Amino acid sequence: MQSIRPLLLYYSLHSSKFFFYFNSINNSEFREKMSEQLTEKSMKVVCVTGASGYIASWILKLLLDRGYTVHATVRNPNDQAKTEHLFNLEGAKERLHLYKADLMEEGSFDSAISGCHGVFHLASPVHLTVKDPQAEVLDPAIKGTLNVLTSCKKFPSVKRVVLTSSMAAVVFTGKPRSPEVVVDESWFSDPELCKESLMRWYTLSKTLAEDAAWKFAKENGIDLITINPGMVIGPMLQQGLTSSVSVILNLINGGKTYPNATFGWVHVKDVANAHILAFEVPSASGRCADDKPFAPIYQVSKEKAKGLGVNFTPLKVSLHETVENLKHKGFASF
Ligand SMILES: NC(=O)c1ccc[n+]([C@@H]2O[C@H](COP(=O)([O-])OP(=O)(O)OC[C@H]3O[C@@H](n4cnc5c(N)ncnc54)[C@H](OP(=O)(O)O)[C@@H]3O)[C@@H](O)[C@H]2O)c1
């Protein structure tokens with residue numbers, strides 16, 4: 001068996017393609033490796049923070065589908081409107097356990113993380129407009145991430161942490177971009193430049209939180225992987241409207257204003273799948289970036305992803321499913 005080592009993991013939002021770069025691995029070896037992991041997996045217990053959220057709900061669904069037992073954290077387990085959809089998922093009654101945890105409370109995640117093999121940390125404020133940036137966005141994102149990692153450090157059962165970062169923590173480097181330039185995981189946003197971005201406090205919070213996470217992981221020997229998606233769209237499992245999908249809703253409802261920017265879009269199921277692969281593939285490491293095509297757009301090879309057998313959702317399908325879901329939920333009517 002040859003070792004597999006991902007050198008780069010790209011998520012191209014623009015073309016909705018996921019790019020894995022592996023050293024010398026063929027399909028049969030990969031399937032063999034994955035099937036070994038699937039056998040082991042039935043034993044696995046994982047924690048998902050911010051489980052009622054948009055992306056987390058999809059991760060939870062895919063984890064349950066794959067036989068995992070999931071410790072899911074929410075701020076208020078009694079808020080049925082935010083948790084009902086989770087208990088309607090296949091396998092939830094047997095293998096979903098809800099825990100109360102708040103990013104701003106030290107030790108709050110201990111009981112949820114205790115006994116887990118892996119942790120998916122998604123809880124973080126996703127606010128487009130804020131009154132008190134420090135209290136509403138920066139503290140929960142940065143201190144909250146460190147709280148979660150501190151809990152992970154306490155429990156040796158935790159073998160890997162997958163942190164949901166963002167392309168916001170990647171692209172604001174000041175480096176020029178052109179069709180020849182490939183943005184990869186070596187790019188890390190400059191906090192000063194984040195402040196000049198469209199969603200400045202959110203952008204800054206993701207950059208500082210990811211930076212703090214890498215430092216903590218290095219100092220404490222935690223196996224950390226970050227996923228850096230751009231704008232996530234696709235069907236919402238939860239009742240409420242999520243920020244990234246609200247951008248599409250604004251457009252289809254004939255909003256009078258819209259961001260003067262080019263975004264990359266990615267299907268939520270592909271993002272969820274990427275998180276789980278990042279946890280399951282033993283040799284996965286580092287940051288899993290996507291390209292966010294503020295004009296000009298650049299190119300990324302698709303060959304390795306095809307070789308891996310990952311089928312990513314075309315942008316047209318992602319948009320179609322988003323709009324249909326918005327209509328179905330009564331957010332849009334036409
Ligand atoms: N959507 C995107 O386009 C996108 C792109 C890149 C990265 N991301 C990242 O992906 C993650 C999930 O985003 P999402 O789009 O799924 O957003 P979401 O639906 O708003 O989910 C965010 C979750 O964070 C939880 N949360 C916020 N503050 C918290 C606190 N103080 N304590 C505990 N939980 C708290 C929320 O819980 P409540 O329900 O209790 O408020 C919610 O479950 C975030 O880290 C976000 O930065 C999202």
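Which residue forms a salt bridge with Lys 327, and how far apart are the closest N and O atoms? The partner is Glu 324, with the closest N and O atoms 3.5 Å apart. This is a predicted model, in which local features need pLDDT of at least 70, side-chain atom pairs count only at pLDDT 80 or more, and totals for chains, interfaces and linings use all residues. Residues are numbered from 1 along each chain as its sequence is written, and side-chain values use heavy atoms, with hydrogens and water left out.

**Salt bridges**

- The structure holds 8 salt bridges, a salt bridge being a side-chain nitrogen of Lys or Arg within 4 Å of a carboxyl oxygen of Asp or Glu.
- Lys 327 and Glu 324 sit 3 residues apart in helix 12 (residues 315-328), about one turn of the helix; helices (H or I, at least four residues) and strands (E, at least two) are DSSP runs, numbered from the N terminus.
- Lys 327 is partly exposed at 28% relative accessibility, and Glu 324 is partly exposed with a relative accessible area of 36%. Buried means under 20% relative accessible area, exposed over 50%, and partly exposed in between (1.4 Å probe, protein chains only).
- Another salt bridge joins the side chains of Asp 65 and Lys 61 (3.6 Å, N to O). Both belong to helix 2 (residues 54-65), where they are 4 residues apart and separated by about one helical turn.
- Asp 65 has a relative accessible area of 46% and is partly exposed; Lys 61, at 24% relative accessibility, also counts as partly exposed.
- Asp 110 pairs with Lys 154 in a salt bridge whose closest N and O atoms are 2.7 Å apart. Asp 110 lies in helix 5 (residues 110-113) and Lys 154 in helix 6, so this pair ties together parts that are 44 residues apart in sequence.
- Asp 110 is buried, with a relative accessible area of 19%, whereas Lys 154 is partly exposed at 45%.

**Aromatic pairs**

- A search of the whole structure finds 2 aromatic pairs. Rings of Phe, Tyr and Trp (its six-membered ring) pair if their centres lie within 6.5 Å; planes under 30 degrees apart count as stacked, over 60 as edge-to-face and the rest as tilted.
- Phe 120 and Phe 279 form an edge-to-face pair, 5.6 Å centre to centre with 65 degrees between the planes. The pair links distant parts of the chain, with Phe 120 in strand 6 (residues 118-121) and Phe 279 in helix 10 (residues 268-280), 159 residues apart.
- Phe 120 and Phe 279 are both buried.
- Ring pairs link Tyr 68, Phe 120 and Phe 279 into a cluster.

**Ser 165**

- Ser 165 is located in the loop between strand 7 (160-164) and helix 7 (191-194), and at 5% relative accessibility it counts as buried.
- Neighbours within four places in sequence aside, Ser 165 is in contact with Lys 206, Glu 210, Thr 226, Ile 227, Asn 228 and Pro 229, where contact means heavy atoms within 4.5 Å.
- The side chains of Ser 165 and Glu 210 make a polar contact (2.6 Å). A polar contact is a pair of N or O atoms within 3.5 Å; within protein, one must be able to donate a hydrogen and the other to accept it, and residues adjacent in sequence count only if both atoms are side-chain atoms.
- Ser 165 and Thr 203 are 38 residues apart in sequence, with 10.0 Å between their C-alpha atoms.

**Asp 139**

- Asp 139 is part of helix 6 (residues 133-154) and is buried, with a relative accessible area of 16%.
- Apart from neighbours within four places in sequence, Asp 139 is in contact with Met 104, Gln 134 and Gly 144.
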